[in-house]
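Colleague: I am new to this model. Please pick one part of it and take me through it closely.

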Amino acid sequence: MLPPSPGTFVDREELIQHVGDFAVSQGYVVTIKQSKRDRVVVLGCDRGGVYRNRRKAVDDSSSEQIRKRKTGTRLTNCPFEAVGKKDDGLWVLSIKDGTHNHEPIKDISEHPSARRFTEREILLIKEMTEAGLKPRQILKRLRQSNPDLLSTPKHVYNVKAKLRQGNIAVRNFKSLRPQKSAVRNNYLTVTEPSWRQRNPPRVPNLIGGRFVDSQSSASIDVLNPATQQVVCQVPLTTNEEFKAAVFAAKRAFPLWRNTPIATRQRIMFKFQELIRREIDKLAGNITAEHGKTLKDAYGDVSRGLEDVEHACGLATLQMGEFVSNVSTGIDTYSIREPLGICAGICPFDFPAMIPLWMFPIAVTCGNTFILKPSEKDPGAAVMLAELAVEAGLPNGVLNIVHGTNDIVNAICDDDDIKAISFVGPNSAGAYVFARASAKGKRIQSNVGAKNHAVVMPDASVDATLNTLVAAGFGAAGQKCTALSTVVFVGGLNRWEDKLVEHAKAIKVGAGTEPDADLGPVISKQAKEQICRLIQKGVDTGAKLILDGRNIVVPGYEHGSFIGPTILSNVTTNMECYKEEVLGPVLLCMQADSIEEAINIVSRHKYSNGASIFTTSGVAARKFQTEIEVGQVGVNVPISVPLPFSSFTSCKPSFAGDLNFDGKAGIQFYTQVKTVTQQWKDLPGSNGASLEMPSS
């Protein structure tokens with residue numbers, strides 16, 4: 001028997017729970033001793049023992065005996081002792097003695113603490129007592145929801161007596177008995193958490209199943225792009241808190257990986273149900289923090305919801321392969337196993353969809369997960385985590401930490417994190433890939449995009465223009481699937497006026513306005529960068545046929561708005577073409593032939609996707625065969641594929657071996673183990689054979 005591993009915890013209750021869970025798995029119970037100021041907690045392995053009185057006189061006054069008494073445990077029945085001390089806002093657990101002098105309890109119900117009530121049960125006892133119910137009636141109702149409850153009416157009566165005295169502190173009734181299910185109970189909180197009491201609110205970290213306010217004094221304001229008002233604040237998570245999150249994920253992994261896949265799927269079924277229930281709140285939060293219209297925000301959540309639905313069917317997708325009798329009496333089979341702790345680093349453009357790309361598949365495969373949302377719009381990720389916990393995701397399986405460069409570096413460097421999913425800018429993606437790969441981690445990195453549309457002379461005019469405008473200006477162009485560049489084969493002249501006409505019809509306004517088609521960009525800094533690239537294009541020879549830089553939205557004069565902007569005569573050497581604009585800007589180019597257009601698209605350093613608009617099947621087939629991109633659209637813009645097919649980008653828009661979603665996504669979050677087995681009796685064997693088994 002071993003003591004629990006040391007670690008760092010956010011609060012005392014989490015530390016106690018860690019030691020208690022470990023004790024149950026080892027067949028013993030923990031006795032808890034706390035200091036009056038709640039700065040020290042001592043947890044000892046015992047069979048119902050008591051604490052030694054250190055002031056008691058010692059018969060042998062030798063210095064050696066005194067030294068042993070001071071360094072030994074205070075528990076009479078076991079020398080094992082774990083000490084938790086509060087240090088700079090966090091609780092640090094250390095092991096004072098790691099040996100045992102007794103056998104584990106075979107039946108945990110033998111110990112008195114197995115009869116204690118949970119916090120939720122204490123509150124129910126209080127309510128039923130006030131309603132006039134007797135102890136036996138109360139106990140009968142409690143056992144309806146907890147059949148394993150071992151308490152007697154006498155225990156209920158004792159609780160009632162303490163309640164009459166006004167003593168309902170949770171720690172007096174905290175149970176450390178084993179839980180029969182991997183799905184944890186969600187108990188009511190007695191007080192409002194500190195992070196909700198702030199004005200503006202500060203988004204919490206999720207560590208070990210608890211939403212806690214960071215101890216960091218540094219934070220970033222999240223501004224509503226339409227009004228520039230502060231929506232919330234994002235803390236810069238401390239290194240100790242990050243370590244606590246990793247420790248919580250590491251602690252949760254052994255139990256979670258052994259949880260039946262059917263149980264994990266049921267949690268995902270409940271999770272998708274809760275997302276549907278709260279979709280209005282999620283969309284409203286995305287609009288407030290990101291700025292995209294409510295219609296786009298609903299689409300953001302809905303596309304992420306499809307990934308959760310995909311995770312609900314993971315049992316069959318995670319199946320291995322079996323081949324019998326590969327050699328005489330020998331079978332071989334492969335199984336897929338989780339990696340351990342995985343992490344996700346998210347961008348701002350899809351606050352709900354991209355987190356849902358990552359952790360539902362990862363945790364359903366049996367991994368635990370650490371998520372770092374974008375510091376620009378973290379609210380949706382936190383709301384999704386709340387729903388995941390409500391759905392029954394056990395403590396520590398999903399953790400959230402906030403921050404910027406320091407947290408990204410910590411994720412890349414931590415040896416316990418086995419895999420990282422990243423979506424974001426090109427420079428950041430290259431940095432994360434290089435740093436994480438150097439530590440031997442598995443990584444998938446989806447970075448910058450410059451998606452092209454090739455318009456053939458025979459394309460349907462109205463249908464093509466509607467698609468270009470929607471795909472180019474939707475979500476203010478702030479998405480990796482936006483069609484930001486259009487190559488017109490045969491010239492732009494007959495398209496230009498109608499393209500401008502369609503773009504001018506777009507209604508620019510705050511995302512909450514019901515008739516708004518185009519909301520603001522994410523920040524003032526983003527607007528300045530977009531305007532700089534537009535002006536740079538004009539200065540180097542591009543023609544500005546529609547300028548949306550100076551648009552003013554009544555009632556939202558301080559908003560980060562840019563109207564639809566169109567540049568023509570763009571060439572491949574212009575900065576606005578080389579770089580990802582990530583705004584409502586459409587660049588127009590011309591080519592004499594489809595071969596020239598394909599060459600233009602294929603030579604660009606970003607190779608996420610491209611579309612062709614034509615009525616010619618021959619041209620479409622040539623385009624899809626010869627174009628060097630990951631995703632191809634024919635008379636449709638490129639879009640995020642459904643979860644059963646992978647999101648396929650090519651280098652350098654993607655770094656790594658396995659993409660998001662589909663079979664590749666499951667392969668990314670699992671590793672294959674091959675087992676070869678033989679079952680036979682060898683009573684008359686002449687000795688060991690040194691030959692390699694073969695058919």
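**The open sheet and what packs on it**

Modeller: Strands E17 (residues 451-455) and E22 (residues 609-613) run parallel and are joined by four bridges. Within this pair, histidine 452 is placed opposite alanine 610 of E22. The model is a predicted one, with residues numbered from 1 along each chain as its sequence is written, and its local features need pLDDT of at least 70, side-chain atom pairs count only at pLDDT 80 or more, and totals for chains, interfaces and linings use all residues. Side-chain values use heavy atoms, with hydrogens and water left out.

Strands (E, at least two residues) and helices (H or I, at least four) are DSSP runs, numbered from the N terminus. Two strands pair if DSSP finds at least two bridges between them. On that basis, seven strands make up an open sheet with mixed pairing, in the order E19-E20-E21-E18-E17-E22-E23. Strand E19 (543-546) and strand E23 (631-634) are at the edges with a single partner strand each, so one side of each has no neighbour in the sheet. From one strand to the next the twist averages 25 degrees.

Helix H16 (residues 461-473) packs on this sheet, where it touches E17, strand E18 (483-489), strand E20 (565-568), strand E21 (585-591) and E22. Contact here means heavy atoms within 4.5 Å. The direction of H16 makes about 150 degrees with that of E18. Such angles run from 0 to 180 degrees between N-to-C directions, with axes fitted to C-alpha atoms, for helices over the stretch in contact. Helix H18 (residues 524-539) lies across E19, E20 and E21, at about 25 degrees to E20.

Next, the nonpolar cores. A nonpolar core is a set of buried Ala, Val, Leu, Ile, Met, Phe, Trp, Tyr and Cys residues joined through side-chain atoms within 4.5 Å, where buried means under 20% relative accessible area (1.4 Å probe, protein chains only). The largest such core has 63 residues, and those with the most contacts inside it include Val454, Val455, Leu468, Phe488 and Ile566. E21 gives the most to this core, six residues. Leaving out residues up to four places away in sequence, phenylalanine 488 touches Val455, Leu468, Trp495, Leu499, Cys588, Met589, Gln590 and Ala591. Another core, of 60 residues, lies apart from the largest one and has Phe211, Cys232, Ala381 and Phe660 among its members.

Note on methods. Buried < 20%, exposed > 50% of the residue type's maximum accessible area, 1.4 Å probe, protein only.
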